[in-house]
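Below are some notes on the model, arranged as numbered points for a colleague who will want the cut-offs alongside the values. They take up pockets, salt bridges and a surface patch in turn.

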Amino acid sequence: MRVTREGHLVTVINVFETKPEQQQELIDAWICFVEEVRGEPGMIGAALHRSTDGTRVVNYAQWRSVEDFERFVKKYREQMDARRLLAERVDPHLYEVVYLFERRDN
């Protein structure tokens, strides 16, 4: 998985607002889910980020097309909704990369 402006990939960024005491449980549940579905057509990859204050988990995922993502959501809606119970608020959106800066000397 990589951030790029090429290839017309679909990026899903999903912000989960959670309680600090539930953050790790949410992360563990989401990792388990991704491991179960990682072979789905069009799925390129996923990354989870945790906020250091314990109140958020961000899921960054890439898909080959909007159609692949929508097919996935339709197929797994119940499983995703079950994991959302660990969050107080869930805010998913589709994005496209419009700018990218990368240092080449690292």
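1. The second largest pocket holds about 170 Å³ of space, where a pocket is, on a 1 Å grid over the protein atoms alone, an open set of points where a 1.4 Å probe fits, with protein on both sides within 12 Å along at least five of seven lines. Grid points are joined across faces, edges and corners, and the volume is the space filled by probe spheres set on the points. Helix 1 and strand 2 are the elements that give two or more residues to the lining of this pocket; helices (H or I, at least four residues) and strands (E, at least two) are DSSP runs numbered from the N terminus.

2. This is a predicted model, in which local features need pLDDT of at least 70 and side-chain atom pairs count only at pLDDT 80 or more, while totals for chains, interfaces and linings use all residues. Residues are numbered from 1 along each chain as its sequence is written, and side-chain values use heavy atoms, with hydrogens and water left out.

3. Which residues line the second largest pocket? A lining residue has an atom within 4 Å of a point, and the list includes Trp 30, Ile 31, Val 34, Glu 35, Arg 38, Met 43 and Asn 59. Strand 2 supplies the largest share, six residues. By class the lining has eight nonpolar, two polar and two charged residues, with Ala, Val, Leu, Ile, Met, Phe, Trp, Tyr, Cys and Pro taken as nonpolar, Asp, Glu, Lys and Arg as charged, and the others, Gly among them, as polar.

4. Glu 35 and Arg 38, both in that lining, also form a salt bridge with their closest N and O atoms 2.5 Å apart; the term requires a side-chain nitrogen of Lys or Arg within 4 Å of a carboxyl oxygen of Asp or Glu. Glu 35 is partly exposed because its relative accessible area is 45%, whereas Arg 38 counts as exposed at 54%. Here buried means under 20% relative accessible area, exposed over 50%, and partly exposed in between, with a 1.4 Å probe and protein chains only.

5. The largest pocket contains about 280 Å³ of space. Of its 20 lining residues, Val 12, Asn 14, Phe 69, Val 73 and Met 80 are the closest to its centre. Helix 2 (66-84) is among the elements that each supply at least two lining residues, and it gives the most, with six. The lining has 15 nonpolar, three polar and two charged residues.

6. Eight salt bridges are found in the whole structure. In one of them, Arg 56 pairs with Glu 17, the closest N and O atoms being 3.7 Å apart; this pair links distant parts of the chain, with Arg 56 in strand 3 and Glu 17 in strand 1, 39 residues apart. Arg 56 counts as partly exposed at 35% relative accessibility, as does Glu 17 at 22%.

7. Asp 81 and Arg 84 meet in a salt bridge at 3.2 Å, N to O. Both lie in helix 2, three residues apart, about one turn of the helix.

8. Val 98, Tyr 99 and Phe 101 make a nonpolar surface patch of about 410 Å², a patch being built from residues with over 30% relative accessible area and no salt bridge, nonpolar side chains being joined within 5 Å. Tyr 99 lies in the segment after strand 4 (89-95) and counts as exposed because its relative accessibility is 64%.

Notes:
Patches are made of residues with over 30% relative accessible area and no salt bridge: like charges are joined within 9 Å, nonpolar side chains (Val, Leu, Ile, Met, Phe, Trp, Tyr) within 5 Å. Accessible areas come from the Shrake-Rupley method with a 1.4 Å probe; for residues, only the protein chains shown count as cover.
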